[in-house]
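Take a look at the fold below.

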Amino acid sequence: MDAVAAEGPAPEKLTIDLGTETGPFHGGASGTLYGLYGDGVPSRGVVEGMYPRTVTTKAQDGTQHPGGDALEILPAFVAAGGKDVYVYLPDFYRGFPYEWPGATGEERLAGHLDVIRRQVEHVLTLGELKEHVVYVPFNEPEGNMFGEGEWSYDQVSWRTEPDHYFAAWEAAYRLIKDLDPHARVAGPNTCILYPEVRDFLEFATSHDVLPDIVTWHELSSPAEVRTNIAKYRDLERELGIGPLPVNINEYAHNYHVSVPGQMIQWIAAIEESKVDADIAYWNIAGNLNDSAVEANKANGQWWLYNAYGQLTGNTVRVLAPHPNVQYTLQGVATLDRDKRQARALFGGADGSADIVFEGVDAEVFGAVVHARLMEIPWTGQVGAAEQPLRLRDEELPLTDGKVTLGLTDLDAMSAYQVILSPGGNGAVALPPAVSWRRTYEAEDATYTGDGYSKNGPEGSPSAVDRFATSGGYHVGGLRTGSDGVLAFDVDVPQDGTYDLAVFAGSHNLADLVREQGPTNVFLRVDGEHPRELRLPLGYKRAVWGHTDTRVELTGGRHRITLAAQDPDLGVTKGDAVVDKLDLLLRSEDETALYDAEFADLGGGARVSHAHRGASGPGVAVLPRGGTVTFWTYAAGDGEASVTVDLLGPGEGVWSVNGEELGRVERGAVPLFLAGGVNKVTVTGTSDRLIVDRLRIAPSRGLLPSTAYAAEEGVLTGTARVTGYPYAVGGKAVDGIGAGSANALTLTVTAGRPGRHALTIRYSNGEQPPSTHYNPDPVCRHADICVNGGPAHRVLFPTTFHFNNFWNLSVPVTLRPGLNTITFTSDEIPDFAGDTRNAFGQRSAHAPVIDQVTVTPLAPTGAELRTR
């Protein structure tokens with residue numbers, strides 16, 4: 001991304017006024033509706049790193065969707081830093097509209113009040129955790145329980161005749177408060193902020209049943225977020241109530257979700273309004289609303305919310321070129337005077353823009369300002385993303401209180417972050433993370449053979465119910481029986497090893513996909529070097545992930561083909577659509593750098609800019625007990641070479657994903673990292689520890705790792721070896737579960753005692769029928785027992801097909817020599833332990849297990865001394 005050229009239209013201007021602060025940073029936009037399935041899906045680190053304050057989910061033992069039971073997700077959510085769990089009490093029922101039983105409205109309400117009573121009684125057993133529960137007695141009452149439909153109270157909308165709804169609200173409110181006077185109740189939880197909400201608030205005020213938190217949905221636009229919250233605050237003043245906390249507990253459309261350049265516009269409106277909000281649930285549960293991939297990986301949207309959650313200080317005024325207009329350049333920014341940092345997140349427009357910081361205080365930043373620019377690209381709904389890409393790192397003069405970054409080649413699907421710090425400290429500017437990249441749209445490629453289709457347009461501002469798609473179109477034809485070839489003509493600048501990503505998708509329930517699972521296609525470069533690629537599965541059509549490989553290219557033109565047949569390798573089975581192809585040339589050094597001054601600080605840690613020779617504009621200075629936390633990325637499960645760069649004396653300890661590793665070493669250490677997101681924390685144990693940065697480099701092969709085929713284990717009961725084409729060796733073990741007698745036991749060897757990773761290659765395609773637009777795949781679980789000890793329950797998210805295998809790593813303690821690892825499973829009963837789910841939403845089985853790989857988490861002290 002280069003400086004804006006003089007010719008051409010004038011770039012748009014986004015002004016960030018650091019001289020006008022608008023209040024403490026709130027961080028409320030990162031909430032999630034049905035984003036958590038259970039402890040481990042997503043992983044604890046992925047949840048924590050998104051910084052959600054709130055989650056909205058179903059009543060415990062509800063049957064609306066699999067997973068997401070309120071009291072099962074509550075402990076892990078709070079442990080990950082979450083604030084409140086909003087319990088949708090009507091989601092105890094099936095269907096939407098809710099199919100609450102009863103022949104009359106009175107009977108239905110009586111049954112619902114009994115459901116509420118049992119929920120509160122469950123919560124009262126939780127001790128201090130109950131303080132994090134918020135009850136939502138009714139959801140979208142105008143279209144459900146008190147609307148005009150078949151399943152409503154009396155087929156009359158409460159907006160016309162409110163008496164029944166108001167009486168039901170009063171009864172539910174008083175029931176909850178009688179059982180727990182300290183409980184919090186939220187409502188009215190309408191689809192939008194209807195004018196009749198005024199009548200509801202007047203009734204609630206006069207009858208002393210005013211909600212503790214006011215909730216409604218904004219499936220509208222960021223502009224309406226700002227407008228409606230302002231309207232509601234005016235209404236409070238008119239009625240003499242509040243101000244009450246507000247939670248917009250469903251926001252954004254399907255077209256927006258997963259796209260950083262779209263979601264930053266919603267974030268800006270929500271943060272400006274200083275309320276909490278939960279991303280809407282359009283697809284599957286347990287992936288943070290299309291932010292998490294598998295259990296522990298993140299897509300581009302997750303990295304946007306990770307950056308948003310790390311804003312500190314006060315928000316400042318942001319003047320957009322088109323204020324409060326969706327699908328244009330918008331942003332949010334903060335100033336932290338203690339850190340001497342300003343951060344801006346922005347996006348939503350293609351082309352060029354000037355990012356202008358005004359009111360830049362020279363007493364805070366000095367005469368020269370250090371600016372780092374990063375991009376958070378769109379990587380698809382189910383496509384994993386690495387950490388944000390560093391685009392520019394430079395020092396700029398402060399002139400009349402202004403600093404301007406002229407940008408070109410902005411991508412409307414990406415979000416961007418600029419961090420300003422004091423400059424002039426001798427920091428060496430870092431090069432861009434990539435030296436060249438291009439996107440090639442599938443609809444612009446050449447197709448030969450039969451079966452071609454150009455599909456679209458997909459999601460757009462006029463079709464927000466559809467999925468975001470690069471260029472708006474995608475191409476089909478690579479399927480069973482086809483002879484199609486999709487050819488991309490590319491032109492690269494130099495010889496090198498290029499990363500190649502094929503953005504594609506296959507609907508897991510499509511007729512040609514059900515049998516095989518992932519669709520296989522064949523890649524060639526200039527007709528040579530054939531290789532087979534397995535394209536991503538998704539939960540609906542036009543859901544995008546990416547399959548990655550590397551290709552050696554000489555500078556100049558090449559033809560890259562994806563074919564349904566290859567004379568050397570075979571034929572395609574399945575049915576895939578292709579969105580685009582991305583080519584990227586990285587810098588020669590593949591070491592990832594994470595500067596401590598930009599990381600998450602705690603325990604009194606502070607940023608200092610007084611240390612010349614630091615890698616960036618500053619360092620983190622840790623007192624005893626102070627912490628610096630880095631959110632890092634690993635492409636796969638396994639060893640990485642990790643270095644904490646320290647300046648001067650001082651001591652500390654560190655941990656990875658909550659696993660304590662002991663003293664921080666000076667020099668590279670081989671550590672096991674889980675594929676996807678890893679939380680690395682350094683804690684000071686001396687009076688002063690100066691942390692410059694964290695570096696993560698590829699494996700040096702120092703941690704011993706051994707793989708064990710599941711079919712070589714001891715199988716009991718119904719556990720059996722079954723053929724799966726995409727399993728290692730073509731075989732895996734299924735039939736584990738439905739009782740402890742049906743088990744798999746592996747004997748593994750550890751070279752030394754201590755903590756090890758079990759990397760379990762598994763598949764899970766269980767998916768019962770749904771009653772609504774959400775697909776409802778089920779997370780299976782395994783109870784893992786090591787050497788006969790207590791079982792540890794592990795959730796395994798859907799892989800969308802039993803012939804689609806993913807990895808999930810679990811830390812365990814092993815003794816030296818032989819160890820037994822036993823996998824069992826059984827259906828989990830309801831909260832009281834006396835009934836079970838009648839709709840196939842709680843599986844009795846473990847996933848299909850292919851192999852288990854055992855790796856130490858870290859070397860011992862003795863091993864480090866002998867390296």
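This is a predicted model: local features need pLDDT of at least 70, side-chain atom pairs count only at pLDDT 80 or more; totals for chains, interfaces and linings use all residues.

Residues are numbered from 1 along each chain as its sequence is written, and side-chain values use heavy atoms, leaving out hydrogens and water.

The protein chain has 11 helices and 55 strands. Both are DSSP runs numbered from the N terminus: helices are H or I with at least four residues, strands E with at least two. The radius of gyration, taken over C-alpha atoms, is 27 Å, close to the 29 Å that the globule rule gives for 867 residues, so the chain is as compact as a globular protein of that length. That rule is 2.2 Å times the number of residues to the power 0.38. The C-alpha trace spans about 75 × 75 × 65 Å along its principal axes.

Of the 867 residues, 61% are buried, meaning under 20% relative accessible area (1.4 Å probe, protein chains only). Contacts are heavy atoms within 4.5 Å. Among those with a separation of 6 or more, 78% join residues 24 or more positions apart.

Now to helix α5, residues 197–206. Its buried residues are Val197, Phe200, Leu201, Phe203 and Ala204. They cover an arc of only 160 degrees around the axis, which puts them on the same side of α5. The arc is that of the directions from the helix axis to the C-beta atoms. What covers these residues includes α4 (163–179), β6 (184–190) and α6 (222–239). After α5 comes Asp208, whose phi is positive, near 60 degrees.

Definitions and conventions. Buried means under 20% relative accessible area, exposed over 50%, partly exposed in between (1.4 Å probe, protein chains only).
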